[in-house]
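Have the structure open while you read.

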Amino acid sequence: MKIKNLIKPNVRSLHAYSAKEIPCKIKLDANESPIGFQLKREGVMDIETNRYPDPDALKLRRLLSKRWKVSTDKILHGNGSDELIYYLIATFGGPVLCPVPTFSMYNIISAALGEKTISIPLDENFDLDMDRMLDSVKADMPKIIFISSPNNPTGNSFSDDKIVRLIESFSGIIVVDEAYQPFSDSNGLIGLISNYRNLVILRTLSKIGLASLRLGFIIADPEIVGEVNKVRLPFNVNTFSQYIAIESLRESGELRAIIKEVRKERRRLFKELSKLNDVTTFPSDANFILFKVQQPEVVYRKLLKKGVLIRNVNNSVPGCLRVTIGRKDENRFFLNSLKDVLKNEKGGASQKDK
Ligand SMILES: *Cc1c(COP(=O)(O)O)cnc(C)c1O
């Protein structure tokens, strides 16, 4: 008996997602917050470890309902937004349409579920190519469109107007993944949920200092929430994560301070990166910056040798690397290392003339 022959063909051709730990001094590869949430309360958490978690995460959803000004029945909780992407595709099926380059999980999960993915390239400004998107909506009849805004890995947001035009000309589901909304100047599109029944918003706590909890949320029409809830595993979010999420959302000042600090560091890092010769820097509404260099593979490897781990996105955005905003000292170390690497590449100065 060959196990291989028992595997579904779409799974056989997959590769496991590699999130292997690469040893480094400074970790700026995964868009995590450089600052974590400090649990204030002393002593043991008030948790009954023998009981299953609240399957409906009601306390947490009520808290978020106030924060986002939507009713609790429009919110569904997931073990990270990854899990909710899985549930959405499991609920609606494919084809799944994504503008690319974007977050790889849409494609990976779609393939794991045996659904077809249609990739429509962004235009030369990393903006939505509306003509091609609308053509594909007609020709390929996608069931779901995933749009990450701000987009990972390019960092830019798409205009509300374009997204609304898509929503209005598409009778399938549009998922706007707002993982990076807290770092942008926009409030996001939660306010449009009651206008458009096919709009689904994704939010996550992963980028604002709570990646360890694995908590993401869908905000959508109660009918959609109800359908997706049918495929959700009953105890998908554990008690500890629910508990700490509630604690940290009650201390929302601390979360706001984390976001403010990251935005401040982003401005600084962007300015410094822009001064470098042979580096093209792309504006970012997120907690990372995309930049272009002449030899991305070499620069990536040499940075790693100096202990600085960033993300090599050369495969999806030719010539580009993505660096997560770290703490001030981490960003400085990254910048100095990058300057060194570039100087040795060129054997010359790497500072742009003002
Ligand atoms: C990081 C990221 C997420 C977060 O996923 P979680 O499973 O919630 O950690 C979601 N969408 C995009 C576009 C991301 O970059």
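## Ground rules

A salt bridge here is a side-chain nitrogen of Lys or Arg within 4 Å of a carboxyl oxygen of Asp or Glu. The model is a predicted one, where local features need pLDDT of at least 70 and side-chain atom pairs count only at pLDDT 80 or more, while totals for chains, interfaces and linings use all residues. Numbering runs from 1 along each chain as its sequence is written, and side-chain values use heavy atoms, with hydrogens and water left out.

## Salt bridges

By this rule there are 16 salt bridges. Take D127 and K162: their closest N and O atoms are 2.9 Å apart. That pair links distant parts of the chain, with D127 in the loop between strand 4 (117-121) and helix 6 (130-140), and K162 sitting 35 residues apart from it in helix 7 (residues 160-168). Helices (H or I, at least four residues) and strands (E, at least two) are DSSP runs, numbered from the N terminus. D127 counts as partly exposed because its relative accessibility is 22%; the cut-offs are under 20% for buried, over 50% for exposed, and partly exposed in between (1.4 Å probe, protein chains only).

D29 and K27 also pair up, at 2.8 Å from N to O. D29 is at 11% relative accessibility, so it counts as buried, whereas K27, at 37%, counts as partly exposed. Another salt bridge joins K275 and E272, with 3.2 Å between the closest N and O atoms. Shared partners also tie K27, D29 and E32 into one network of salt bridges.

## Where the domains meet

The domain assignment (automatic or from a database) gives domain 1 (20-33 + 253-345) and domain 2 (58-252). Their C-alpha centres lie 26 Å apart. The contact (heavy atoms within 4.5 Å) takes 23 residues from domain 1 and 24 residues from domain 2.

Between them, the two domains bury about 1,900 Å², 59% of it on carbon and sulfur atoms. Buried area is the accessible area (1.4 Å probe) that two parts lose on being put together, summed over both. In domain 1, L255, I259 and D285 lose the most area to domain 2, together 31% of what that side buries. One salt bridge is counted between the domains. R263 and D185 meet through their side chains in a salt bridge, at 2.7 Å from N to O. On the side of domain 1 that touches domain 2, helix 10 (252-274) and strand 10 (288-292) are the elements giving two or more residues, and helix 10 gives the most, with nine.
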